[in-house]
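Me: I would like to go through this structure with you and ask, for each term, what it rests on.

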Amino acid sequence: VQLKSVQDVVCASAPDLQRLTGLSNSDVQQLITAAAAACRRHPPITAQQLQHGVSGVRLGCPVLDRLLRGGLPVGGITELAGESGTGKTQVGLQLSLSVQYPAEHGGLGAGALYVCTEDSFPIKRLHQLIGEQVCLRSDVPADLVNSLRFSDHVYIEHAADLDSLQVCLTRRARLLLARGLVRLIVVDSVAALFRAEFQADDWLERNRRLLTFSSMLHHLSQEFSTPVLCINQVTDVFSQSHNSMGPSSSTVSPALGLAWANQVMVRLMMRRLQGMVIRGEQSSALRRLEVVFAPHLARDGQDTAVWTEGLRGVESWTSNRK
Amino acid sequence: MQRPVSSLPLSQAVRLKLGSAGFQLTSDLQDFKPDKLSKETGLSEEEAVEVLKAVKGGGGGGSGDFSASLTALELLQKEEELRSIVTFSSQLDESLGGGIPVGKITEVCGVPGIGKTQLCLQLAVDVQVPQCFGGVEGQVMFIDTEGSFLLQRVTDIAAAAVRHCSLLAEDDEQRAATETFTVETVLSNIFLVRCHDHVELLAELHLLPDFLSQHPKIRLLVIDSVAFPFRLLFDELSQRTRLLNGVGQQLITMAINYNIAVVITNQMTTRIRDGQSHIVPALGECWGHAPTIRLLLQWEGSRRLATIFKSPCHMETMVQYQITPEGFRDADQSEMPQSKQPRMDTDQSAADPKETSS
């Protein structure tokens with residue numbers, strides 16, 4: 001055991017320290033106390049001293065934001081899982097725009113880092129959403145919306161494997177966050193990276209890489225007060241006994257298992273429902289955005305539709321369901 | 001009382017010096033002054049003072065004084081005087097014999113989303129319930145390693161508890177107590193620390209005894225979760241085991257010396273045994289010895305169940321609970337005032353058109 005840093009001192013046992021330093025017991029205690037004080041970031045505060053209101057980034061639709069009680073929280077990972085085609089990427093894109101609004105309009109006044117791991121970034125759709133922001137965000141003065149240069153502040157990265165994703169997070173993400181250019185990270189999707197690379201018996205190694213990756217995201221999220229959205233795929237659930245992770249009787253469950261679920265603070269799911277929603281000339285397949293678990297949210301859901309301007313919650317009387 | 005010198009809590013080097021100077025039993029050291037002792041043995045004055053302190057049973061360093069030994073009857077009386085911290089789920093409280101016990105370590109494990117953090121937040125509020133309502137009226141130290149201590153939720157739970165007490169107030173003493181038992185005071189009595197890795201957590205635990213001495217009203221320590229920062233140490237399992245053992249020791253010492261309830265949450269992990277995969281508490285078999293009581297929260301269909309699966313004084317019992325907008329509650333909620341908000345945990349399927357958000 002070598003003592004090179006205060007961290008080593010904090011992690012060593014008192015007898016070890018006595019043996020290594022030859023100091024008396026009370027001196028060792030003083031050493032440990034000093035090292036511990038150096039490792040501590042903040043002394044304890046009371047819950048009363050926590051800031052109200054800095055809750056996170058909203059989606060921009062009042063109905064959906066009510067479900068999420070203000071949006072994605074800061075300091076942990078929010079996961080959005082669902083089958084393909086349900087609109088998960090839509091959520092990522094919408095958040096990449098809504099984060100750019102100032103705090104009083106539900107944003108964080110900075111851009112987004114969007115990391116694509118499978119398909120190429122849907123740039124056309126982003127531009128379409130940008131064009132329709134005035135329509136979606138009727139709660140914001142139009143000249144404010146028009147003054148925001150949305151496309152300049154969505155930083156797009158492609159990472160096809162774990163190593164390049166790690167590099168992206170440790171370098172690019174950190175740089176953008178440190179400069180205040182970005183206050184949202186979207187990873188679309190996590191499952192793609194971890195499922196392709198590992199065989200069935202490599203699950204130990206896979207879990208290690210998963211933990212390392214999620215730990216990196218956590219640190220970034222906490223250090224820079226930045227919400228993180230991880231989009232995930234789903235796997236089939238074959239029998240109820242295998243799904244002791246949740247109460248639902250659904251046939252699909254988020255991918256990557258318990259090891260990943262333990263890293264997630266807010267778990268959301270997007271499901272396709274039967275039926276369509278009609279609005280004038282447009283129609284949309286009906287979906288449902290659900291809260292599976294979150295420390296501050298009820299297990300609840302909201303019917304949702306996807307329009308040219310983005311995702312909107314559907315009040316039940318407007319839905320036309322079969 | 002005669003003890004061999006080698007059994008005293010001293011470092012190896014000090015013991016060797018004492019031994020080679022001819023001191024075998026504590027009675028040999030009885031009448032020595034520190035300067036004489038250091039001359040005889042070659043110890044420094046400081047070390048000599050420590051030796052004599054240890055002989056008197058005064059303990060050393062920052063670990064707190066060891067009290068004189070108690071008889072079993074005295075221990076029983078002491079235990080009965082300590083109130084437990086209610087969970088607001090009367091069924092769970094009943095099976096625990098009153099609530100979460102003070103002076104012991106209680107571990108809560110379960111899969112993500114089952115309600116471990118909710119129970120911790122509930123206890124952080126419940127520990128503050130005034131004594132005239134049967135509460136412990138203490139403060140709480142909350143160590144958050146996952147970032148899940150969200151002010152919105154704590155405020156919800158605090159508001160519900162305050163409402164509950166004000167509805168129950170019958171006599172003048174209770175009514176007076178509700179004046180000071182408000183959401184603001186509840187929040188002001190929760191001390192919060194966020195630890196981002198295992199080093200920060202260990203540092204916090206080293207500094208905790210001093211903090212507890214300065215804040216003697218603290219009756220509850222919550223660590224949510226212990227598992228999160230330690231699961232990253234997969235490469236050095238032996239170091240992890242050693243560190244966790246140390247954590248266990250520190251926690252039990254604090255629980256006893258400062259009269260606090262220690263509640264820690266643990267994650268679940270998958271173990272392959274005989275070709276079958278099982279979900280078991282994380283952090284290994286050794287860690288299982290640290291907590292006195294282990295509570296397992298799990299799903300059964302759409303129901304949430306709490307099982308006491310390790311406890312020297314309780315039978316293995318299973319109760320159903322639910323998480324409501326007000327917090328951690330019994331499954332049938334018959335004793336609580338009816339809430340106008342929809343329940344969180346319902347049997348309706350997700351696609352039910354009647355279920356709307358509030």
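Me: Which residue is the bridge partner of A:Ile278 in E10(A)?

Reply: The bridge partner of A:Ile278 in E10(A) is A:Ser283. This is a predicted model, in which local features need pLDDT of at least 70 and side-chain atom pairs count only at pLDDT 80 or more, while totals for chains, interfaces and linings use all residues. Residues are numbered from 1 along each chain as its sequence is written, chains are lettered from A and ligands numbered from 1 in the order in which they are written, and side-chain values use heavy atoms, with hydrogens and water left out.

Me: What makes strand E9 and strand E10 of chain A a pair?

Reply: Strands (E, at least two residues) are DSSP runs, numbered from the N terminus, as are helices (H or I, at least four residues), and two strands pair if DSSP finds at least two bridges between them. E9 (residues 264-279) and E10 (residues 282-293) of chain A are joined by ten bridges and run antiparallel, so they meet that definition.

Me: Why are strands E4 and E12 of chain A said to stand at the edges?

Reply: The open sheet has nine strands in the order E4-E3-E5-E6-E2-E9-E10-E11-E12 (chain A), with mixed pairing. E4 (154-158) and E12 (310-313) each have a single partner strand, so one side of each is left without a neighbour in the sheet.

Me: Why is A:Phe238 called exposed?

Reply: Exposed means over 50% relative accessible area, buried under 20%, and partly exposed in between (1.4 Å probe, protein chains only). A:Phe238 has a relative accessible area of 77%, and therefore counts as exposed. A:Phe238 is found in the loop between strand E7 (234-236) and strand E8 (252-254) of chain A.

Me: Why is strand E2 of chain B described as largely enclosed?

Reply: Six of the six residues of E2 (residues 139-144) of chain B are buried, so the strand is largely enclosed by the rest of the structure. Both faces are covered, with B:Gln139, B:Met141 and B:Ile143 buried on one side and B:Val140, B:Phe142 and B:Asp144 buried on the other. E2(B) also pairs in the parallel sense with strand E4 (residues 218-224) of chain B over six bridges, and with strand E3 (residues 190-194) of chain B over five bridges.

Me: Which residues touch the most other members of the largest nonpolar core?

Reply: A nonpolar core is a set of buried Ala, Val, Leu, Ile, Met, Phe, Trp, Tyr and Cys residues joined through side-chain atoms within 4.5 Å. Of the 58 residues in the largest one, B:Ile85, B:Phe142, B:Phe149, B:Ile190 and B:Leu220 touch the most other members.
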